[in-house]
Amino acid sequence: MRFVVFCILLGIDEFQAWPLGAHFGDLSKHTQAFEASSLGLPFQCLDGSVTLLSSDVNDNFCDCPDGSDEPSTAACAGLSNLGFYCRNLGSAPKWLYASRVNDGVCDCCDGSDEPPSGCPSSCDKEGPAVLARLKARQQEVRQGQLLRRQYEDEGLQQVVHWTEEKERLAADVADLMTVQVGDAQSSPDRAFVGCSSTSTAPFYTNGHDKEQRKDVSEYTRWALPVSETGPHRSSQSVECWVGEFINAESFCCDASQGPQGRQECWDEVYTFQSCCKTWQRQVLPTFERQSWSTSESVSPERRFEPKSSKSVSREMRQTKGRLFSLESKLRAVERSHRWFYLADTCLTRQTHRRHTELSIPGASSERVDFKLCLFGDVRFGSVNYGSFDGWDGEHGLRYSRGQHCPGGPARSLKICLLCGAETELLDIAEVSLCAYEAAVKTPGACELSNLEELADDLEKVIDRPLMPLDSS
Amino acid sequence: MEVVRRMSWVFLILALTVLPAAAVDRSKFRTCEQGSFCRRYKKWISRPEREKALWTVLPQTRAPLPEGGFSFQVKHVNEETPHLLLKLNIYASGMVRMRITEIKPLHIRHEIPPGDVVSDPPPAAAKVSEADESGKSIFKFATADGTAAEAILHHSPLALEVSVGGQILQRLNARNMLNFERYRTPKERLPPDTASVAAPDTVLLDAAAHPNGLDTNGLWEEPFGGHTDQKPRGPASLGMDVSFLGDVPSLFGLPEHATKASLPFYQEPYRFFNLDVFEYEIDEPMALYGAIPIIWAIHRLGGGQTVSSGFLWINPSETFVKLERDTPDGKGGPAHAWWTSESGVLDTVVMVGPTPKTVSAQFHDLTGHGPMPGLWALGKHQCRWNYMSEKDVATVDSMYDKYDIPYDTIWLDIEHTDGKAYFSWNAAAFPNPKQMIDNISAKRRKFVNVVDPHIKKDEKFHVYREVRDKGFFVKKVSYKQIDDPTDVKPADWVEETKIPDPTATQPPEWNTEEDGPWVAPQIDNPAYKGAWHPRKVNDPTPDLTDFEGWCWPGTSLYPDFTDPAMREYWGSQFALDKYTGTNADTYIWNDMNEPSVFNGPEVTMPRDAIHPNGMVEHRDVHNMYGYYVHRATFEGLQKRTPGDRPFVLTRSFFIGSHKYSAIWTGDNYAQWSHLKASIAMVGALTLGGQSLVGADVGGFFKHPDTEMTVRWYQLAVLIYPFLRNHAHLETPRREPYVFDEKTMLRIKASLQMRYKMLPLWYTLFHRWASAAEPVVRPLFWDFLDDPQTHENEEALESQIMLGDSLLVHGIAKPSSEQSEATVYLPKASGWYSIHNGAFKAPGAHVHKLDLDSIPAYYRAGTVVPLKSRIRRSSACMSLDPFTLNVYLNPQTGAAKGRLYIDDYRTRTYQDVGLLCARKIDFTCSARLGTRTHHAKASFEETLKSSH
């Protein structure tokens, strides 16, 4: 709309005198200055520093310290941030750095940035396509925007629901714990036969340390009341559980795991992200990765539990599993309730392994599934590429601690969320060894500003065929 | 790219076992003591009574050489007849060349073909007046600039003195360290025709035959690092010393070594053996990727006169050079160097100077002038191991545009190929490479692809099949021992083990009729010498198979680039219809061309591999392998796009590489020490004729922090003629736009300054191509009369000149450790800060540092050509107006400068003189303080007329 006002102000004749490349924007000051100079009056640089003869304007020699006297040439390249404005009638207008003017490269579809006849005029050709693209994009962003609003509303309810359920489950766990502690106390000796061969006690040690209580895993916290009932017995008790834990870890977190992977492994009981994270935080500082992944941890067959508490334990595990799953979901909405809709979303895309595995000869033609669970794990084929590790800015997600590359670092991934009507995974690229970046389109990333910018762009394209100069 | 990388799982495991933490693995690389010929040579030069004459020039044998100059026969005191031939050439530009070879060797002693290092035809001969005096032959001549010079050949012991203006600058074999091992038959201690063969152990002959604790290890075979080097031709090394006379404060040169500009006098000799050194260290005489064995000397003579001279040792086999002093503190007085090479012929050139400018001119008169690089090659190069896809390339390109940062060239490293079969594309990541490169071209930018010389062994790979079928691959010898066919059983050899007992007689009771004829009983033959076997020798015609080694693709083969037919074939592969996916804006990077062989001895080709071209052993040509690779590529690009200036980047190089290629200092490290060392390394290389040179900005290994990155750019834009940003695969991205805004703006400002100064750089390259002036050079080159430039640590190691006009002081410490720098401004009429124009008198100045710039000063009295409109690439700026900055000499009010202009990209400048080279003389007509606006206008007029 500003543009219309501007045209009325100038009138058609003046418009033709308007210097090529000058901005159409809110430059009333500039407008006056150029009007004056076109009438042969002195020109004052926009910063007011120097007053020039009218013949010094656009004479391909930079006179103004702010570069404002040369809107049509590159003379002030690097000085001015006013740049050069291509009108691109019939297509989208474009702003260029002044350094692009007269540089032998056609940047504007109307050819205005290069000497006459230097560039073919292609605005008519590309205009409709540009318009269609902008419109399609506008449509998409609008839809995304609507969805986002919807998600914001729904998210609120969903989060309340999840929170309530979490509290309920937490209470259940507490109840179950009392039962189990009772069981353990009632039949101490019999209960722990066969546990002596389970390995080590870093977990137990940690669990014992009151200082670290708040850092220990849910799993441990749940087991700990046992340990606190008496140092000797409880140590065995915890050890027994730790044994199971170790076994699970070696199966789920170990980088050299088999093809079924950890997601499948723990989904029923724990989200394995929490399991591995806790494990690494707890154990790794005191315990070499090597030693646990290869240690002779307790196999499921050897796992021993007091019979009387077995059903309680199962129930406990299942409850804990649901609790973890909920906690993971709640992590997804930490930033905003609207992200709830992605809490359980996994995206898959087939891609060439070549993009992601640099130096494996002969792997070039293989196509593999890249599977991204937005607040969970990332897998590429059978390889783990990392687990959700928090937000990176407003629209970025971080995934870390994937499997180590052969001889390289642990794989990691960054996701950039872009506005879109649907949630889809775009390109995946390896930016440095085993560090990946990908883009995901999703409604939650749609901001009002996206729509406004598009509307502006569209307005410029759509409105201008009505311009008087269009016929020339 | 370094050696130990992920090749495959198997290789990885092998590699990890030897992977050093963060330093070069010394055990992999030989020292002088670990190599038999260098060890022998050290023993040889420490022999008792070394001063006694062994080799004598026979003046009566003097004969003119067909190519000009003279030859003399040289006789060893312990040989019957002369066996060596000394050739002496005196070139008009001011050079004395002395060569020594065998007259009739058992095997051909490898000589570099004419034109490959020394120009063909060789430089014009000087007008010489000769005189023979007792014991010496004197050759008087004048250098190109008219200075009187003499070469005096002393007959016994053989020695050569070169003097200028009556002052002796260099003396060859001054300390009688000459060694020349003639070929000999297998396992023989002495070559044929040696005196006193009756007692071979007592003959004092050469380093491989003398009575002073001779070390015979490694004469015929030599193990190192799990490989055994077979030497069927036996010892053939040679060596000699040279003394630089007068008071010699500093020696320079000897590229490529990661050492100081003023060459340290290490205990360990400097080594020349082109190698792929993983994570090389600074301040080391260890060998690196290339070899230009040149020493520059400064001689302070009587009467306050200071002159400069050069010494070149032309030998492509492994070479050691040891720098020595007479004084225990290693300072002042004459300086000495001894040299020893594994094989070939002795070929030395004394460049008599007497100024640095004439030494450079003499060097290029001998080896040829460098070509003008395309202007774009002086712009910013953006490289990384690796940009992974077409989209990746397009993104990097557009990000530069987004921030309006200029750059000219984007590079792809090895990952773009189909399984490291060069000339191919990974179709998944680069489905439409031609379109990708065309898009780069459309922005008037260029593209560089890596093509390494190792060839993937893959039946599907056409280059492999074709080179194999043509028989061009370097061969491996399957050594086996056979009976020596020349060895015949001596006539008097007794082979009977039993003889009839001569003492036995027929017993009297023997009845012949009943007992039959009496036969004496058999006894052991006392004269029996044992069964005769011919002596064993190496099979003279052993089986030859294609040599296979490991490199990026796995099993790889190595073409014999010394063969002109192979080079022709290689060059033809760059034709646009052969190398699909490329366009005429695509140029080539030859990496790994030492050659790098991951599983070879010292990570390179075994010395006993055979080049089918002339059946030359690899040891004879090793240091030239890389040179032949990049030359073949250059000549191929020349044919691909006739008239265009080729661009090739090479890691390995030799004397003369400057005629073909840019080089970079290999796989450096993101460390302050590497930043600083690059000043000396670039300076040494430019003194070796190689002006198109640079180090990877920001280092290759590891990741520089923002401050190091900024400092590196600030230095590089001013002193690296070849300006490339590169990074290891495992490092985060480091393109200028990935940093925080402040850092990005500082890098951008540096790059803008580089582009602004492109006219100056280009003009300096014209001075290099036409007048042999190094583009960047240590301070002594321009300020020889200022003794501070010979010995002031800061002036030598932190500072360097861009042309004769700009002095740059690198900052190689973080601001937390260094807040100010002492800049030494040599004796001149004054200096102006490049940043704010502040005037400074010569002398030491303390410069307060900030992060926005490093100290740099224009010399007063110079006119600097610039362009003020910084665009996205150099081609985009080609038609823009020039800006001339005038830095007046405050005493005279005058300034001089040059400006060179041509079409920036074709070779027409060589043929039809389509160029404009103008000297600019500015004299301030009025008083000082003339309005700048006025001066500017008048210069624009001048330029218009010169177009």
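1. A disulfide here is a pair of cysteine sulfur atoms within 2.5 Å. The model is predicted, and the structure holds eight disulfides over all chains by that cut-off.

2. Take the bond between A:Cys45 and A:Cys64, whose sulfurs are 1.9 Å apart. Its S-S torsion is about -85 degrees, so this disulfide is left-handed. A:Cys45 sits in the loop between strand E1 (43-44) and strand E2 (51-52) of chain A, while A:Cys64 sits in the loop between E2 and strand E3 (84-86), so the bond ties together parts that are 19 residues apart in sequence. Both cysteines are buried.

3. A:Cys62 and A:Cys76 form another disulfide, with an S to S distance of 2.1 Å. The torsion here is about 110 degrees, so the bond is right-handed. Both A:Cys62 and A:Cys76 lie in the loop between E2 and E3 of chain A, and the pair ties together parts that are 14 residues apart in sequence. A:Cys76 is buried because its relative accessible area is 2%, which is under 20%.

4. In chain B, B:Cys32 is bonded to B:Cys38, again with the sulfur atoms 2.1 Å apart. The torsion about this S-S bond is about -90 degrees, so the disulfide is left-handed. B:Cys32 and B:Cys38 are both buried.

5. Which cysteine sulfur is nearest to that of A:Cys416, which is in no disulfide? It is the sulfur of A:Cys419, 12 Å away. A:Cys416 counts as partly exposed because its relative accessibility is 38%. B:Cys551 counts as buried, at 0% relative accessibility.

6. Turning to the rings, there are 59 aromatic pairs over all chains. One of them, A:Tyr151 with A:Phe340, is edge-to-face, with 6.1 Å between the centres and 80 degrees between the planes. This pair links distant parts of the chain: A:Tyr151 is in helix H3 (residues 123-186), and A:Phe340 is in the loop between helix H11 (310-332) and strand E5 (346-352), 189 residues apart. A:Tyr151 is buried at 14% relative accessibility, and A:Phe340 is buried at 12%.

7. In chain B, the rings of B:Tyr400 and B:Tyr407 are tilted, because their planes meet at 35 degrees; their centres are 4.3 Å apart. B:Tyr400 has a relative accessible area of 0% and is buried; B:Tyr407 is buried too, at 0%.

8. A:Tyr151 and A:Phe340 also belong to one aromatic cluster, together with A:Trp339, A:Tyr341, A:Phe375, A:Phe388, A:Trp391 and A:Tyr399.

9. Two arginines in chain B deserve a look. The charged end of B:Arg62 sits over the ring of B:Phe70, 5.3 Å from the ring centre. B:Arg109 lies over the face of B:Tyr183, at 5.0 Å from its ring centre.

10. For context, chain A has 12 helices and 12 strands. Of its 472 residues, 51% are buried. Among the contacts in chain A with a separation of 6 or more, 53% are between residues 24 or more positions apart. The accessible surface of chain A is about 22400 Å², with 52% belonging to carbon and sulfur atoms.

Methods:
Residues numbered from 1 in each chain as written. Chains lettered and ligands numbered in written order. Predicted model: local features only at pLDDT ≥ 70, side-chain atom pairs only at ≥ 80, totals over all residues. Heavy atoms only, no water. Helix = DSSP H or I, 4+ residues; strand = E, 2+ residues; numbered from the N terminus. Buried < 20%, exposed > 50% of the residue type's maximum accessible area, 1.4 Å probe, protein only. Contact = heavy atoms within 4.5 Å. Areas by Shrake-Rupley, 256 points an atom, 1.4 Å probe, with all protein chains shown as cover. Phe/Tyr/Trp six-rings, centres within 6.5 Å; stacked < 30°, edge-to-face > 60°. Lys NZ or Arg CZ within 6 Å of the ring centre and 35° of its normal.
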